[in-house]
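Please look over the sequence and the model together before reading on. The account below goes from the whole chain down to single residues.

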Amino acid sequence: MSTSNRRYVFSWDLLGDLIEGRPNLGPTTRLEAYRLMQYTFRDILEQEYGTAKADEIFYRAGLLAGREFCKHVIGRQDDFNGFVRRLQEALHELNIGLLRIEKADLEHGSFVMTVSEDLDCSGLPETGYGVCTYDEGFIAGVMEEYTGRPYDVHETDCWCTGDRTCRFSVNLRSC
Ligand SMILES: [Zn+2]
């Protein structure tokens, strides 16, 4: 669909003016509201399009969010350490999660990152499979926006696989 025919092209402005819009309630809500939206969306997307397509849509939405988040929240950073520090601070300030870098191989574009107390899965029942598809896309989007190169991100451990943190393998896509 061409952009001119679309109603829902994302823009950062859609996050709105929360000071004007919510003078009494402020910018925060309960995490149950976020999860209610996410898991009902996933249910309907899976019913409509199947599991693989629903996951792909979540990944792509996360990718878009990561790119926009990097542009609007992280901004330009001179070096990778500054970028990681700012990203950790921002994710903590917004109560999104606690990011750690377990491995960073800048030369080969290969990283292992963990996010604890995340929005998507912390405290969920164990299912035996990771559910943080949106976060995979989000991390890929942040990395792509910062480096200007494509990344593939895969969650290897999740609260839902019995771990207490989500662990992501982050790799520069080989062309
Ligand atoms: Zn997870």
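The model is predicted. The protein contains 5 helices and 4 strands. Read from the N terminus, these elements follow the order α-α-α-α-β-β-α-β-β. The radius of gyration is 17 Å, close to the 16 Å that the globule rule gives for 175 residues, so the protein is as compact as a globular protein of that length. Along the principal axes, the C-alpha atoms fill a box of roughly 45 × 40 × 40 Å.

Of the 175 residues, 35% count as buried. The accessible surface of the protein comes to about 11,300 Å², and carbon and sulfur atoms contribute 52% of that surface. Among contacts with a separation of 6 or more, 55% are accounted for by residues 24 or more positions apart.

H5 covers residues 133-147. From its first C-alpha to its last, this helix of 15 residues reaches 21 Å, close to the 21 Å expected at 1.5 Å a residue. Is H5 largely enclosed or largely open to the outside? Because 12 of its 15 residues are buried, H5 is largely enclosed by the rest of the structure. The cut-off behind this is a relative accessible area under 20%. The buried residues of H5 include the run from Asp135 to Glu144, that is Asp135, Glu136, Gly137, Phe138, Ile139, Ala140, Gly141, Val142, Met143 and Glu144. Thr133 and Tyr146 are buried as well.

Which elements do these buried residues of H5 pack against? On the helical side, the partners are H2 (31-49), H3 (51-74) and H4 (80-93). On the strand side, they are S2 (110-116), S3 (151-157) and S4 (166-172). Just after H5, Gly148 takes a positive phi of about 75 degrees.

Helix H4, one of those partners of H5, has 14 residues. H4 reaches 20 Å from its first C-alpha to its last, close to the 20 Å expected at 1.5 Å a residue. Its buried residues are Phe80, Gly82, Phe83, Val84, Leu87, Ala90 and Leu91. These residues pack against H3, S1, S2 and H5.

Just after H4 comes Asn95, with a positive phi of about 55 degrees, although Asn95 is not a glycine. Asn95 is found in the loop between H4 and strand S1 (98-105). Its relative accessibility is 58%, so Asn95 counts as exposed. Glu117 is another residue other than glycine with a positive phi, near 55 degrees. Glu117 is found in the loop between S2 and H5. At 60% relative accessibility, Glu117 counts as exposed.

The loop between S2 and H5 also holds Gly130. With a relative accessibility of 36%, Gly130 counts as partly exposed. Leaving aside neighbours within four places in sequence, Gly130 is in contact with Glu155, Cys158 and Thr161. How far apart in space are Gly130 and Met113? Their C-alpha atoms are 15 Å apart, and the two residues are 17 residues apart in sequence.

Beyond the other end of H5, Arg149 lies in the loop between H5 and S3. At 48% relative accessibility, Arg149 counts as partly exposed. Not counting residues up to four places away in sequence, Arg149 touches Met143, Glu144 and Leu172. Two of these residues, Met143 and Glu144, are among the buried residues of H5. Arg149 and Arg173 are 24 residues apart in sequence, and their C-alpha atoms are 8.0 Å apart in space.

Ile57 counts as partly exposed, at 30% relative accessibility. Leaving aside neighbours within four places in sequence, Ile57 is in contact with Leu45 and Tyr49. The C-alpha atoms of Ile57 and Gly137 are separated by 9.6 Å, while the two residues are 80 residues apart along the chain. Gly137 is one of the buried residues of H5, and H3 is among the elements that the buried residues of H5 pack against.

Key:
Residues are numbered from 1 along each chain as its sequence is written. This is a predicted model: local features need pLDDT of at least 70, side-chain atom pairs count only at pLDDT 80 or more; totals for chains, interfaces and linings use all residues. Side-chain values use heavy atoms; hydrogens and water are left out. Helices (H or I, at least four residues) and strands (E, at least two) are DSSP runs, numbered from the N terminus. The expected span of a helix is 1.5 Å times one less than its number of residues. Buried means under 20% relative accessible area, exposed over 50%, partly exposed in between (1.4 Å probe, protein chains only). Contact means heavy atoms within 4.5 Å. The radius of gyration is taken over C-alpha atoms; the globule rule is 2.2 Å times the number of residues to the power 0.38. Accessible areas come from the Shrake-Rupley method with a 1.4 Å probe; for residues, only the protein chains shown count as cover.
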